[in-house]
Amino acid sequence: MTVAESADLEPLLAAAAEEGEVAFDGLRLERADDEYALETSETDRTGLDEAALRDALEPLEAYVSNWRYWQHEIGGDGTARRAFLRWCERAPIADAERIDHRSLDEPTLDVPERYDALADGIDREWGQLCITTRFVDVERPNGERVYDLWHVDDAGSDLADLEVYDDPRDARALATEDEDGRYRPLKTAPTLRSGWAFTGLSGRGLVDAVEFFYPATVANWHRELRDELDVDHWLETAERQSGIYDVIDELPREAVDWMAEACCVDSQCLRRREWQYEEGDELDVDGGDGPFPCREPCSLVVAAARKWTILESEEERTYELELTTTELNQLSALIDAVAEGRTDEIREADVHDGANRYRARYLRAKRFDDEGGIEATEQNSE
Amino acid sequence: MQALVIAAHGSHLNPDASDPTYAHADTVRETGAFDEVREAFWKEEPHFREVIRTLESDEVFVVPLFISEGYFTEQVIPRELRLEDWDPEKWESDGTDASQVTLEATDVGKTIHYCGPVGTHDAMTDVIVQRAESITEDPEVGEGFGLAVVGHGTERNENSAKAVEYHTERIREQDRFDEVKALFMDEEPEVDDVTDFFETDDIVVVPLFIADGYHTQEDIPEDVGLTEDYRLGWNVPAEVEGHRIWYAGAVGTEGLMADVILERAADAGADLGDAIERVRAATAVGTDEVRRETEPGTGAGD
Ligand code: SF4
């Protein structure tokens with residue numbers, strides 16, 4: 001396709017006429033007194049009349065259609081949506097250049113490099129999502145991009161083996177339950193099921209779908225890129241609570257570390273925890289590696305914190321109970337298996353595993369009383 | 001640009017709690033009246049806390065998908081949305097009159113039109129009546145029928161009873177049903193004794209709840225005597241002490257609820273074109289689009 005055919009040129013010339021200058025993604029077109037100056041990394045021409053300009057733009061079709069795609073199709077200057085779509089194709093993001101952000105670890109591509117890469121598709125990972133940006137028309141690229149979205153585990157799958165969707169709202173249902181049909185109240189838990197794909201989404205459709213999978217992640221990532229992320233640390237969030245959650249600001253300092261270790265590490269949540277105990281008092285636990293930040297304790301953590309606040313307000317006591325060494329070790333194995341979500345994987349006959357169901361039932365039969373509690377005697381603390 | 005946020009409770013335990021929110025949000029989306037429509041939750045994501053920042057629009061209409069004014073609409077939602085100048089006095093309401101107040105969300109610098117809950121809007125009366133129509137599959141239902149509007153009762157929030165009584169009174173004034181009563185789970189008059197309060201053979205029972213859950217799918221069916229055990233399900237209608245009880249499940253799942261959401265936004269100044277008329281037409285009983293949680297003749301609990 002030539003520039004003249006592409007229908008992108010007229011709006012570009014109109015923009016140059018109106019603004020006097022168009023500068024975008026390495027293309028600079030200036031108009032003064034019916035003469036044009038044209039600049040890209042490979043070109044530097046001045047004093048062009050309109051016919052000469054058309055000729056000069058002929059080999060620069062990519063710059064022209066790129067300008068049209070971003071300025072006319074995507075628009076939304078300064079929005080998170082635009083920044084995210086730019087990130088998807090490794091284009092430079094306005095306002096983000098100054099920041100050393102983990103999501104920007106791959107170098108950005110200039111327009112000719114991007115156009116080469118878009119012919120094959122550019123892949124990005126966002127939590128458990130894999131996003132491919134590609135040209136609609138690979139043979140004769142006119143700048144028009146579309147976006148495919150699937151689970152990272154399906155990257156090697158044939159599209160024919162996946163359920164294919166095109167309405168971003170279908171992401172809501174896909175995000176509701178995990179592979180085993182269990183409800184996922186925390187959308188960023190690393191338990192997103194696989195086996196589906198969205199193909200040919202528009203830019204807006206892609207961002208909508210990503211937001212249904214991982215709500216507010218794009219907005220907070222974009223704020224972080226601009227160094228504007230407003231983090232609410234544990235204590236602020238806890239003190240703000242009312243009703244039955246009013247008590248959680250009494251959770252001891254060290255328990256907040258245990259809580260973050262229980263809930264917020266990468267194995268449990270793909271958000272990168274940026275909140276701390278309070279400003280200047282960091283938690284010991286690593287916040288995770290994801291591209292999108294967690295700016296304050298979520299409702300699940302707040303709900304669980306209430307339980308732990310009540311638990312931590314109890315006094316510690318000493319109990320005496322009879323166990324063999326193997327039984328004591330078995331208790332650790334049981335707790336570990338539940339904490340790691342491993343119970344489903346333990347085979348029926350694997351009696352070497354302390355969390356094997358038969359072994360757990362044996363322990364219960366032997367050591368538990370009629371009420372189903374473990375037989376233990378509280379020691380007098382005098 | 002204008003955006004709509006539907007603010008609902010949601011659940012950590014039960015995925016059905018958010019179904020009506022999604023359904024009504026989709027109905028509104030399809031009208032195209034808003035540039036952006038977003039669901040937001042207290043117990044799910046996006047949380048109230050983060051929802052406004054996901055919007056590009058500068059004008060945001062927030063409609064709480066709650067039955068009554070009280071703890072959530074007066075404390076939790078405004079606090080979590082960071083509506084700094086909020087004060088419940090600004091609604092000038094004695095429990096059922098809240099309309100809207102315009103505020104700034106301080107973390108994002110956007111204008112927020114914070115609306116009263118759907119449950120107390122006059123249009124909610126029509127939804128209750130439409131619930132009776134859809135459960136009986138009779139757009140003319142009324143004559144020979146009693147209607148019981150069921151609320152939770154005074155636990156924590158006296159306004160919840162006010163909302164129930166308000167709509168009961170308005171339906172009574174329409175003179176459409178032979179009898180209309182407000183009944184409660186936790187206070188007198190109690191829904192357990194529903195048949196004592198009606199002379200009519202047929203009684204439609206409509207719980208004024210947003211989503212189906214424990215109360216509407218377990219408690220009320222057992223209390224009313226529709227079933228011994230909610231897990232066995234129940235018939236619609238079901239025979240109870242010589243009356244036929246038409247039990248509807250939560251009114252919030254009725255398609256016409258999307259209209260109440262739009263009415264709230266319109267009262268707050270949203271520019272909706274003909275969206276309200278279109279939603280009414282699309283959700284009327286007898287059209288294909290109507291969403292029904294419980295089909296007559298099948299047990300809702302099975
Ligand atoms: S508080 Fe923890 S568990 Fe909740 S979203 Fe943030 S990182 Fe994830």
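Reader: What is the radius of gyration of chain A, and what would a compact globule of 382 residues have?
Author: Chain A has 28 Å, while a compact globule of 382 residues would be near 21 Å. The radius is taken over C-alpha atoms, and the globule rule is 2.2 Å times the number of residues to the power 0.38. This is a predicted model: local features need pLDDT of at least 70, side-chain atom pairs count only at pLDDT 80 or more, and totals for chains, interfaces and linings use all residues. Side-chain values use heavy atoms, with hydrogens and water left out.

Reader: What box do the C-alpha atoms fill?
Author: Roughly 100 × 50 × 30 Å, along the principal axes.

Reader: New topic. How many aromatic pairs are there over all chains?
Author: The search finds 26. Rings of Phe, Tyr and Trp (its six-membered ring) pair if their centres lie within 6.5 Å; planes under 30 degrees apart are stacked, over 60 edge-to-face, the rest tilted.

Reader: Why is the pair A:W126 and A:W221 edge-to-face?
Author: Because their planes stand at 90 degrees, with the centres 5.6 Å apart.

Reader: Where do A:W126 and A:W221 lie?
Author: A:W126 is in strand β5 and A:W221 in helix α9, so the pair ties together parts 95 residues apart in sequence. Helices (H or I, at least four residues) and strands (E, at least two) are DSSP runs, numbered from the N terminus.

Reader: Is A:W126 buried or exposed?
Author: Buried, at 0% relative accessible area. A:W221 is buried at 0% too. Buried means under 20%, exposed over 50%, partly exposed in between (1.4 Å probe, protein chains only).

Reader: Which cluster holds A:W126?
Author: Ring pairs link A:F84, A:W87, A:W126, A:Y214, A:W221 and A:F292.

Notes: Residues are numbered from 1 along each chain as its sequence is written. Chains are lettered from A and ligands numbered from 1 in the order in which they are written.
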